[in-house]
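Here is a short tour of one protein model, written to be read alongside its coordinates. Please keep the viewer open as we go.

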Amino acid sequence: MGLFTGLATLPLAPVRGVAWVAERLREEAHRQLYDPEVIKERLEEVAEARESGELTEEEAAREEDELVRRLMSQGPPGGGMEV
């Protein structure tokens, strides 16, 4: 990027910054929803909550069903962070 181009596009810098932050947030949300390790950890937490009585059998079963569905779907193919 040349000096002139850099100066001419300087007013757009905040927009590019916001877009960059939005992309990082989207990537982290996708990781939280579909990362197999995160899902497995949550399944363990649900099992512990069931054993300790924090969750009823019905609540734990619903949570486990949702987690297993996400684990099986793995989001878009190839971790596809496509928009």
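What percentage of the 83 residues of the protein chain count as buried? The share is 11%, where buried means under 20% relative accessible area, exposed over 50%, and partly exposed in between (1.4 Å probe, protein chains only).

## About the model

This is a predicted model, in which local features need pLDDT of at least 70 and side-chain atom pairs count only at pLDDT 80 or more, while totals for chains, interfaces and linings use all residues. Residues are numbered from 1 along each chain as its sequence is written, and side-chain values use heavy atoms, with hydrogens and water left out.

## Overall layout

The protein chain has four helices and zero strands, so its elements read α-α-α-α from the N terminus on. Here helices (H or I, at least four residues) and strands (E, at least two) are DSSP runs, numbered from the N terminus.

Contacts are pairs with heavy atoms within 4.5 Å. Among those in the protein chain with a separation of 6 or more, 55% involve residues 24 or more positions apart. The accessible surface of the protein chain is about 6400 Å², as given by the Shrake-Rupley method with a 1.4 Å probe; for residues, only the protein chains shown count as cover. Carbon and sulfur atoms hold 62% of that surface.

## How H2 meets H3

Two packed helices are described by the angle between their axes and the distance between the axes. For H2 and H3, the angle is about 50° and the axes are 5 Å apart. That makes H2 oblique to H3. The axes are lines fitted to C-alpha atoms, for helices over the stretch in contact, and angles run from 0 to 180 degrees between N-to-C directions. Angles under 35 degrees count as roughly parallel, over 145 as roughly antiparallel, 65 to 115 as roughly perpendicular, and the rest as oblique.

On the H2 side of this meeting you will find Arg31, Gln32, Leu33 and Tyr34. Their partners in H3 are Pro36, Val38 and Ile39.

## Salt bridges

Side chains of opposite charge can pair when their charged atoms come close. There are nine salt bridges in the structure, each a side-chain nitrogen of Lys or Arg within 4 Å of a carboxyl oxygen of Asp or Glu. In one of them, arginine 24 pairs with glutamate 27, with the closest N and O atoms 3.2 Å apart. Both sit in helix H2 (residues 13–34), and because they are three residues apart, about one helical turn separates them. Arginine 24 is partly exposed at 31% relative accessibility, and glutamate 27 is partly exposed at 30%. Also in H2, and again three residues apart, arginine 31 bridges to glutamate 28 with a closest N and O distance of 2.8 Å.

Arginine 42 and glutamate 63 form a salt bridge too, at 3.2 Å between the closest N and O atoms. Arginine 42 belongs to helix H3 (residues 36–52) and glutamate 63 to helix H4 (residues 57–73), so the pair ties together parts that are 21 residues apart in sequence. Both residues take part in a salt-bridge network that links Arg42, Glu45 and Glu63.

## A nonpolar surface patch

Leu3, Leu7 and Leu10 make up a nonpolar patch on the surface, with about 350 Å² of accessible area together. Patches are made of residues with over 30% relative accessible area and no salt bridge, joining like charges within 9 Å and nonpolar side chains (Val, Leu, Ile, Met, Phe, Trp, Tyr) within 5 Å. Leucine 3 lies in helix H1 (residues 3–8) and counts as exposed, at 68% relative accessibility.
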